[in-house]
Amino acid sequence: MTAPPRVLVIGFDPYRVPGPWDPQPVADAIEVGRARFVEQGVAAQFCLFGLDGSDDVEAVVTAALDARAWECVVVGGGVRHDLELFERVINLVHRHAPDAAIAFNETAGATFEAAARWLAPE
């Protein structure tokens with residue numbers, strides 16, 4: 001039986017960010033981060049949204065936060081580079097997951113390490 005996710009990771013979908021840039025390195029780093037959760041036996045759910053206008057960011061993030069009680073919510077670096085978006089996401093976490101620790105990763109590949117600082121041992 002698979003344990004329910006304990007960690008919610010919130011960030012942007014690198015393939016749905018406008019601009020002339022290569023999304024592949026970020027997508028690869030996200031997968032490295034996702035694999036670390038699996039390696040460590042910690043269930044995580046990733047909430048990745050588009051910044052191209054294809055998502056109602058508040059609705060997508062709220063639905064993920066309301067899906068269950070989270071032990072930790074990791075907010076990705078891309079979100080933190082947009083002050084208004086960052087404030088909106090943090091306030092959503094505060095409202096919808098008030099008991100969750102909030103963590104910040106240094107890179108997408110280090111997402112597990114960010115969450116692990118706040119996870120209670122099983």
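The buried residues of helix 2 (residues 57-66) are covered by elements that include strand 1, strand 2, strand 3 (72-75) and helix 4 (83-96), where helices (H or I, at least four residues) and strands (E, at least two) are DSSP runs numbered from the N terminus. This is a predicted model, in which local features need pLDDT of at least 70 and side-chain atom pairs count only at pLDDT 80 or more, while totals for chains, interfaces and linings use all residues. Residues are numbered from 1 along each chain as its sequence is written, and side-chain values use heavy atoms, with hydrogens and water left out.

**Helix 2**
- Val57, Val61, Thr62, Ala64 and Leu65 are the buried residues in helix 2, buried meaning under 20% relative accessible area with a 1.4 Å probe and protein chains only.
- These residues lie on the same side of helix 2, because they cover an arc of only 165° around the axis, the arc being that of the directions from the helix axis to the C-beta atoms.

**Gly50**
- Gly50 lies in the loop between strand 2 and helix 2, and it counts as buried because its relative accessibility is 2%.
- Leaving aside neighbours within four places in sequence, Gly50 is in contact (heavy atoms within 4.5 Å) with Arg16, Asp55 and Val57.
- The C-alpha atoms of Gly50 and Gly11 are separated by 9.0 Å, although the two residues are 39 residues apart along the chain.

**The whole chain**
- The protein chain has five helices and four strands, and along the sequence they follow the pattern β-α-β-α-β-α-α-β-α.
- Buried residues make up 39% of the 122 residues in the protein chain.
- Among contacts with a separation of 6 or more, 73% are accounted for by residues 24 or more positions apart.
- The C-alpha atoms fill a box of roughly 45 × 30 × 25 Å, taken along the principal axes.

**The largest pocket**
- The largest pocket has a volume of about 290 Å³; a pocket is an open set of points on a 1 Å grid over the protein atoms alone, where a 1.4 Å probe fits, with protein on both sides within 12 Å along at least five of seven lines, and a volume is the space filled by probe spheres set on the points, which are joined across faces, edges and corners.
- Of the 21 residues that line this pocket, the closest to its centre are Gly76, Gly77, Gly78, Asn105 and Ala108, lining residues having an atom within 4 Å of a point.
- Strand 1 (7-12), helix 1 (24-40), strand 2 (44-49) and helix 3 (77-80) are the elements that give two or more residues to the lining.

Methods:
Buried means under 20% relative accessible area, exposed over 50%, partly exposed in between (1.4 Å probe, protein chains only).
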